[in-house]
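Me: I'd like to learn how to read packing in a model like this one. Could you walk me through it?

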Amino acid sequence: MDISAILEDIREHWHVYATMPFIAALIGYITKRVAIEMMFRPLEFVGIKPFLGWQGVIPANSRRMATTAVDLLTKNLVDPQEIFSRLDPDEVVKELEEPLLKAVEDVTREVMEQYQPRLWELLPTRAQRMLVDQVRAQAPKVVARLMREVSTNIDEVLDVNGMLINAMVRDKSLTCRLIKEVATPELRFIARSGIWFGFVIGLVQFVAWALTKQPLIMPIFGFVTGFVTDWLALKMIFYPREPRRFLFFSWQGMFQKRRQAVAKDYGALIADEVLTVRNVMEAVLTGPKSDKLFAMITREVQRTIDAQASIAKPLVALTVGGVQYQEMKKAAAEKAIAYLPETVKHVESYATDALDVRNTIVTKMQQLTPLEFEGILRPAFQQDEWKLIAVGAVIGGLVGELQVLLLLH
């Protein structure tokens, strides 16, 4: 090995050698940025299936990501039974009072005008008012009774897991935000770490090229830079799970170290965009278990009509026990259900405060074990992280080959 010849070559081509660690740092950064973008973009597949193309890792696996997130949510953070028991039936009735009584009056008048039009017209206004008032007086009790039944049997009328998974799969950008916004510092660290890791590897590359002058050195080191820096960055996010000490130094995986901030961000996202009162209402009213809720409402409405029949005997005497009376009860229940979506909107603000999803999630997340806590973000990387690492390595190798062309030509 001719040291003097090596030093002479470095002196003569100092500008080439000087750029090596900086180009390696650039490779490290670019490969990280590309890997991060490939996690989230594009939302839909772009290319020709199944031969060529790409879809963001998270959008492509949105159902698996959503299922994992929801499993964590319902097993460790949110107990639907406990959450919905916080709704006070009397307070719900109070919030619904005005739209509820208006709906009850409209339903009563519409049904009576449909099934007993002549008799309804012949009734004095005072008698009509008396009948409507009797039904209105019963409505709050019926709603409170329904609320108690629903809150104690929430699983019968609401598929929480299905609701949450469908919401996240339907809106792939929501699944991406759930990872991206919670893990912003970690993603920024991944990109920036590529610079420092790449620079160090570039220094090694500097020495290797000076000693060997082998054209393969550049693409090999570019490949290694992309591969190692991606792999190290991903590992440093999650490991070690518990704080480690060596002499005066202490370190811990970034995600574990930011537990409090992550809990706040995650709780806010879930409360504001996933487990919202509006989503819950939509799932209850249109989900696969909605028929059970409507059966409860139908039963309560028909029970109320039966209770009022004796009070309003002159009005219903002609139909009690008959087919028309049964049809009238069914029609009343159907109209009550039709009014439901518009009526329950008035309770949204109270329900949001009462359920207190955000603070519940934040508190529960603080109680998770490090392994459980890791499960919030880790699934976004774990199964497909090899793709991101491989892409980083390939890009690094290509840039290394470009370096060779520049050096030799």
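Reply: Gladly, starting from one residue. Beyond its neighbours within four places in sequence, Leu77 is in contact (heavy atoms within 4.5 Å) with Leu72, Tyr266, Thr360, Ile361, Lys364, Met365 and Leu368. This is a predicted model, where local features need pLDDT of at least 70, side-chain atom pairs count only at pLDDT 80 or more, and totals for chains, interfaces and linings use all residues. Residues are numbered from 1 along each chain as its sequence is written, and side-chain values use heavy atoms, leaving out hydrogens and water.

Me: Which residues have the most contacts inside the largest nonpolar core?

Reply: In soluble globular proteins, nonpolar side chains tend to be buried together. A nonpolar core is a set of buried (under 20% relative accessible area, 1.4 Å probe, protein chains only) Ala, Val, Leu, Ile, Met, Phe, Trp, Tyr and Cys residues joined through side-chain atoms within 4.5 Å. Here the largest has 92 residues, and Leu77, Leu87, Leu158, Tyr266, Ile270, Ile361 and Met365 have the most contacts inside it. Helix 8 (residues 125-152) gives the largest share, nine residues; helices are DSSP runs of H or I, at least four residues, numbered from the N terminus.

Me: At what angle do helix 15 and helix 21 pack?

Reply: Two packed helices are described by the angle between their axes and the distance between the axes. Helix 15 (residues 259-274) packs on helix 21 (residues 357-366) at about 145°, with axes 8 Å apart. Axes are lines fitted to C-alpha atoms over the stretch in contact, and angles run from 0 to 180 degrees between N-to-C directions. Among the residues that meet are Tyr266 and Ile270 in helix 15, and Ile361 and Met365 in helix 21.

Terms used: Buried < 20%, exposed > 50% of the residue type's maximum accessible area, 1.4 Å probe, protein only. Helix = DSSP H or I, 4+ residues; strand = E, 2+ residues; numbered from the N terminus.
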